[in-house]
Amino acid sequence: MPYHLPQDKPVSLRERLYLTEAIRGLRILTTHFVRNFFFSRETNPDILARSRKLSLNATLAYPEEKVPYPPGYRGLHRLVPREDGKPRCVACYMCATVCPAQCIYIEAGEVDGDPIEKYPTQFVIDELRCVVCGFCVEACPKDAIRMDTGEHAPPTYERSQQIWDLKRLLRGTPVSYQYDPWLRRGASAIPEEKLAEMRANARPFPSVATDEYAQTPGFSVRALAAEARARNEAKK
């Protein structure tokens, strides 16, 4: 069957004036303005099956209104501190190695009097290069880096302000585990009284866990499932 090309029709005088189309565009614009101005807006953009008869405006007045992030949201990084205020990081380079964006830079230093333990003299994350994949958190064997801050990268005027150093990353509640190497074999840099306090406050692994990773908030499948069950029971 031969294909027939559509023939171009000559443009009429009314179409060349564009007056009808201009009036139609103004009518659509005015209709949207009146509906969105006089009727309340929908404050939950996630609801797709909403009534569109009145207002089509579905947005939030940010920053006055904010949507709560889900439990598994990967926020900005933070380095988890120990009880003595130092980072739990042992400078093993696992996070920097697994990072697909190569946004983590670490320089390791040796702990005085300890031939094994190391610590980061520099720990830098370029938040602009980060792709928020969470591989660094999963690869860390010491629960030293987390993405549980619930914060997104703040806007800045200069790129250098998005490069977070050790002082800026180290924050949050201190965490100690019974199997931390500095608690099991001791550490000359930590006073004995402080070491005893850290051992007393150290958390054991739960019965369903095998390492620190299972206790990392936001990345534990069991923790997320428990939160979901709690929400469903609260709705009943």
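**Exercises: fold and cavities**

The protein has 8 helices and 5 strands (DSSP runs; helices are H or I of at least four residues, strands E of at least two, numbered from the N terminus). This is a predicted model: local features need pLDDT of at least 70, side-chain atom pairs pLDDT 80 or more, while totals for chains, interfaces and linings use all residues. Residues are numbered from 1 along each chain as its sequence is written, and side-chain values use heavy atoms, without hydrogens and water.

**Exercise 1.** Give the order of the elements from the N terminus on.

*Solution.* Read along the chain. The order is α-α-β-α-β-β-α-β-β-α-α-α-α.

**Exercise 2.** State what share of the residues counts as buried.

*Solution.* Apply the cut-off: buried means under 20% relative accessible area (1.4 Å probe, protein chains only). Of 236 residues, 28% pass.

**Exercise 3.** Describe the largest cavity: its volume, lining and residue classes.

*Solution.* Step one, the term. On a 1 Å grid over the protein atoms alone, a cavity is a set of points where a 1.4 Å probe fits but cannot get out; lining residues have an atom within 4 Å of a point. Step two, the volume, which is the space filled by probe spheres set on the points, joined across faces, edges and corners. The value is about 90 Å³. Step three, the lining. It has 15 residues; Cys89, Cys92, Cys95, Cys140 and Ala144 lie nearest the centre. Step four, the classes. The lining holds 14 nonpolar, no polar and 1 charged residues (Ala, Val, Leu, Ile, Met, Phe, Trp, Tyr, Cys and Pro are nonpolar; Asp, Glu, Lys and Arg charged; the others, Gly among them, polar).

Conventions:
On a 1 Å grid over the protein atoms alone, a cavity is a set of points where a 1.4 Å probe fits but cannot get out, and a pocket is an open set with protein on both sides within 12 Å along at least five of seven lines; lining residues have an atom within 4 Å of a point. Buried means under 20% relative accessible area, exposed over 50%, partly exposed in between (1.4 Å probe, protein chains only).
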